[in-house]
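Subject: Structure handover

Hello,

Here is the structure for your files. My notes on it follow below.

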Amino acid sequence: MGKRGVTGARQVNCKHENFACDCEVNRLLDTGRFSLDVRVMCIDCGTPFRFIGLPAGLDLNGAATSVDATEGRFAIAPKGEVESVLEGGDVGFSIRKVLWPKPPNNSQPPQCS
Ligand SMILES: [Zn+2]
C-alpha cells in the first residue's frame, strides 16, 4: 500500500531519494537560551524521518527529539558565548551498544601492548 507524497502522487516502495528539511530557531525567553528544531521528510512519499539515538524531550545543553522522534531539538548559542572543543570547552562522548555486525565465532578480543 503506497502513500501520497507532497505532490499528491502515490508512491509504492519509495527509495526515499529526495528530501525536504524544515528548520526553526527558537529563543527561549524564560531561559535566554536558543534551540534549533529540525524536521526532515521524503518529498516523494511524504514519510517523515526520525532522529535516532537521542532522548525525547528538551535538553538545553545538548540534543533531544520530540516524543515521536520526528523533530530533532538541538541546543545552540552564539559563537563566543560557548567554547568549542578547540577552545577548551567540554569534550563529550557516548558509548553505544552495537548489535551488528556479529563478530566471527573464533574472534579474539583486541590485545593491548
Ligand atoms: Zn519516500
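Which residues does Ile76 touch, not counting residues up to four places away in sequence? The residues are Phe34, Ser35 and Leu36, where contact means that the C-beta atoms of two residues, placed from the backbone, lie within 7 Å.

Before the rest, two notes on conventions. This is a predicted model, in which local features need pLDDT of at least 70 and side-chain atom pairs count only at pLDDT 80 or more, while totals for chains, interfaces and linings use all residues. Residues are numbered from 1 along each chain as its sequence is written.

Overall content

The protein chain has 0 helices and 6 strands, and its elements run β-β-β-β-β-β from the N terminus on. Helices (H or I, at least four residues) and strands (E, at least two) are DSSP runs, numbered from the N terminus. Of the 113 residues in the protein chain, 5% are buried. A residue counts as buried if 20 or more other C-beta atoms lie within 10 Å of its own, as exposed if 12 or fewer do, and as partly exposed in between; the C-beta atoms are placed from the backbone. Taking the contacts in the protein chain between residues at least 6 apart in sequence, 38% join residues at least 24 apart.

The sheet

Four strands make an open sheet in the order E3-E4-E6-E5, with antiparallel pairing. Its edge strands are E3 and E5 (63-65), each of which pairs on one side only. On average, neighbouring strands of this sheet are turned by 25° against each other, direction ignored; the axes behind this angle are lines fitted to C-alpha atoms, for helices over the stretch in contact, and angles run from 0 to 180 degrees between N-to-C directions. Two strands are taken as paired if DSSP finds at least two bridges between them.

E3 (residues 19-28) and E4 (residues 33-42) are antiparallel and share 10 bridges. Arg27 has Phe34 in E4 as its bridge partner, and Asn26 has Ser35 in E4. The two strands form a hairpin with 4 residues between them, and Gly32 in the turn has a positive phi of about 75°.

E4 is also joined to E6 (residues 72-76), by 5 bridges and in the antiparallel sense. Here Val38 stands opposite Gly72 in E6.

Ile76 again

Ile76 lies in strand E6. Is Ile76 buried or partly exposed? Ile76 is partly exposed, because 13 other C-beta atoms lie within 10 Å. Ile76 and Arg27 are 49 residues apart in sequence, and their C-alpha atoms are 9.9 Å apart in space.

Two loop residues may be worth a look when you check the backbone.

- His16 is in the loop between E2 (10-11) and E3. Its phi is near 55°, a positive value in a residue other than glycine. His16 counts as partly exposed because it has 14 C-beta neighbours inside 10 Å.
- Ala69 is in the loop between E5 and E6. Although Ala69 is not a glycine, its phi is positive, at about 65°. With 17 other C-beta atoms within 10 Å, Ala69 is partly exposed.

Regards
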